[in-house]
Amino acid sequence: MADSQHSNNHVPVLFSFSAFSRPSSLPLGSGHEVLIQKFLSIYGYQIDIHRKFAIQLFSNEWGQYIDLPKGFVISEKCKLRLVPLQIDITTLGNLSPSTTVFFCCDMQERFRPAIKYFGDIISVGQRLLQGARILGIPVIVSEQYPKGLGSTVQEMDLSAAKLVFPKTKFSMVLPEAEAALAEIPGLRSVVLFGVETHVCIQQTALDLIGRGLEVHIVADSTSSRSMMDRMFALERLARTGITITTSEAVLLQLVADKDHPKFKEIQNIIKASAPESGLLSKV
């Protein structure tokens, strides 16, 4: 069994957590996000998903575990362990304008006929962009293969966006976005919305939590062609510790107080309720 696993470009890896260790294997070139998912698949029932973790690599040179080097990928047999970090529980799930960025994913014209309730998620997405502008929150926008799929829909005002960039990879976590994130001091949270929930949103969210960021997915501003794909993606993401929330909850959490100097402007955005669409449907 082991020999067949390690053929086909798989490498043996020992995964350790707490007092436990389990041998397995991964494809050559597997990076941080794959490692996180493997630890979750092995020890998910024991891991407190509300904690932050670091992956460490056993160093033969030093005879002990060291922090995973930046850009590490699986290239040879190795031993890894998952270490829980101490975090301030009072910050968990909270949003603050100074430590938050908005990610708007692939809200493009060519998706309009195919994505369920596309008009509704555009309407809510524009509310989020207005809120970001009022509160001074950076916005990063991706466009999937715009040469073939068109630009972001005209209803969404991107004039204040920090970055608008094209991509072919499904995840938004690409060098352009990472460089923009590096310019935001004290960044802790990403508010993510767009399409499709089970593809680009899901892969972006997993990449972001793999980099130690909290992710809040705006349920009333994300959709897919299939409501079943959307439903199961949100359920899976919630199990990994990602917050599934709504646009109104996000905006009010960001102002936090009716005496906030921008509260009235935010209140004007949400005065009319978000569209009552079929996004609550299970299928």
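Helix α2 (residues 32-43) lies across β1, β2, β3 and β5, and its direction makes an angle of about 135° with β2. The model is predicted.

## Exercise 1

Task: State the order of the strands in the open sheet of five strands, and find which strands stand at the edges.

Solution. Step one: the order is β2-β1-β5-β3-β4, and the pairing is mixed. Step two: β2 (20-27) and β4 each have a single partner strand, so they stand at the edges and one side of each has no neighbour in the sheet. Step three: on average, neighbouring strands of this sheet are turned by 35° against each other, with direction ignored.

## Exercise 2

Task: Describe how β3 pairs with β4 and with β5.

Solution. Step one: strand β3 covers residues 52-59 and strand β4 residues 64-67; four bridges join them in the antiparallel sense. Leu57 has Ile66 of β4 opposite. Step two: the hairpin of β3 and β4 has four residues between the strands, and in this hairpin Gly63 adopts a positive phi near 70°. Step three: β3 also pairs in the antiparallel sense with strand β5 (residues 78-85), over six bridges. Here Ile55 has Leu82 in β5 as its bridge partner.

## Exercise 3

## Exercise 4

Task: Compare the radius of gyration of the protein with that of a compact globule, then describe the protein as a whole.

Solution. Step one: for 283 residues, a compact globule would have a radius of gyration near 19 Å; the protein has 20 Å, so the two agree. Step two: along the principal axes, the C-alpha atoms fill a box of roughly 60 × 45 × 35 Å. Step three: the protein contains nine helices and eleven strands, and 46% of its 283 residues count as buried. Step four: of the contacts between residues at least 6 apart in sequence, 72% join residues at least 24 apart.

Notes:
Residues numbered from 1 in each chain as written. Predicted model: local features only at pLDDT ≥ 70, side-chain atom pairs only at ≥ 80, totals over all residues. Heavy atoms only, no water. Pairing = 2+ DSSP bridges. Helix = DSSP H or I, 4+ residues; strand = E, 2+ residues; numbered from the N terminus. Rg over C-alpha atoms; globule rule 2.2 N^0.38 Å. Buried < 20%, exposed > 50% of the residue type's maximum accessible area, 1.4 Å probe, protein only. Contact = heavy atoms within 4.5 Å. Axes fitted to C-alpha atoms, helices over the stretch in contact; angles between N-to-C directions.
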